[in-house]
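Morning, everyone. Please have a look at the chain on the screen, and then I'll talk you through it.

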Amino acid sequence: MITVEEYHRSMLDRVAPLPVRRVPVGEAHGLRLAEDVHAALAVPPFDNSAMDGFGVRAADVAAATADRPVLLPVGGDVPAGTTEPSAVMPGTAVRVMTGAPVPPGADAVVPVELTDQPPGAAGLPTHVAVREPVAAGRHIRRRGEDVRPGDLVVQAGTVLQATHLSAATAAGHGTLSVHPRPRVGVLATGDELVPPGVEPGPGRSPDSNSVLLAALVREAGATPVPLGTVGDDPADLRDVVAAALADLDLLVTSGGVSVGTKDVVKAAFSDRLDFVTVAMQPGKPQGFGVLADRVPVLALPGNPVSVMVSFHVHVAPVLRRLADLPARPPLETARAGVGWRCPPRRRQYLPVVVEDDGAAVPSVRPASSGGSGSHLVASLALAEALAVVPEDVDAVAPGDEVGLLRW
């Protein structure tokens, strides 16, 4: 057997980040930015009003009070989107909406609340009474006040969130250079599998692995490409894989990697994938290789708990490498809320429920009374994380420290 770390090194040494692509800004969410984004536009792009109100010359309203308001004729209306705003002449005002260009000649905006005009929808008045003075520059957002052309807006290496995309768009960008979202083929194997919702019948089982893997891929920020199921005929499996590879960045299979007489993935790809036993439980049998000189393949065991554990332990780091994302942070620490047994000489990955009770270190307990048995698929719905127990531990007692792998 090899250690988890040895297996990871053997895989990651053969996986490189995907080539950088330019994608529409709306498709870049969650991806890692490959190049600095500098502003192509000023933000704001023009002097605009910060309030709904009236553009004025500050000197014209300097003497305004609530008792003696200054009455100004209204010479025009400037809603948002106006390209040729009316000018403010001395001793006049122009109505202006938030975000609209500041009228030429105005050096301040009087909020509508400081006038005799009602807020909201209203006809254009002939005059406006201003009840308080405003200083020059008040309620005006100046061009380039936030960002000037050429300024750095988002730094390369940033994992793009909603605010980054908004900033890049405001700064004039419609596409971004990113490390793309991997396209991951998901393929379950075995004559015993039937589609979801179909009555299995004797000796058959619902194909929960395809659903599980596709959802895990999506939750990891990649794009699943469901390839259905293949029976136990190696030729059929090779045909399905060959037809799919051109559209994939990664292929993940489930089933057919152990020591049975019909382990189809082993039979089909024994000359192109390396099949190993990893010192872990569940998920000891694993397979890895590269097909068509560019598509990594991870062959996982077929039991659903093994699939889930193998995804979080092995597939997730490969996906991060493909997307050029930073390595996952070290394990957190938790304490066992109850005791349980551990397999000899294998690292245990136990699905657990996390009980965050306000303590500095959370408590965990097995999600299933059956422990980490790889067949306990129904209990997966309760699992919130994996407790990680080292190879040299035979049993965990209440209060013992364990590693915690969240997803």
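I'll start with the overall build, then turn to a few residues.

Keep in mind that this is a predicted model. The protein chain has six helices and 28 strands. How does its radius of gyration compare with the globule rule? The value is 32 Å. For 407 residues the rule gives 22 Å, and the chain is well over that. So the chain is more spread out than a compact globule.

The box tells you about the dimensions. Along the principal axes, the C-alpha atoms fill roughly 95 × 50 × 40 Å. As for burial, 45% of the 407 residues are buried.

Now a pair of positions. Take Ala58 and Asp233. They are 175 residues apart along the chain. Their C-alpha atoms are separated by 84 Å.

Look at the Ala58 end. Ala58 sits in a loop, with β5 (53-56) on one side and β6 (70-78) on the other. Is Ala58 buried or exposed? Its relative accessibility is 9%, so Ala58 counts as buried. The cut-off for buried is under 20%.

Asp239 belongs to helix α4, which covers residues 234-244. Its relative accessibility is 51%, and therefore Asp239 counts as exposed. Exposed here means over 50%.

Methods: Residues are numbered from 1 along each chain as its sequence is written. This is a predicted model: local features need pLDDT of at least 70, side-chain atom pairs count only at pLDDT 80 or more; totals for chains, interfaces and linings use all residues. Side-chain values use heavy atoms; hydrogens and water are left out. Helices (H or I, at least four residues) and strands (E, at least two) are DSSP runs, numbered from the N terminus. Buried means under 20% relative accessible area, exposed over 50%, partly exposed in between (1.4 Å probe, protein chains only). The radius of gyration is taken over C-alpha atoms; the globule rule is 2.2 Å times the number of residues to the power 0.38.
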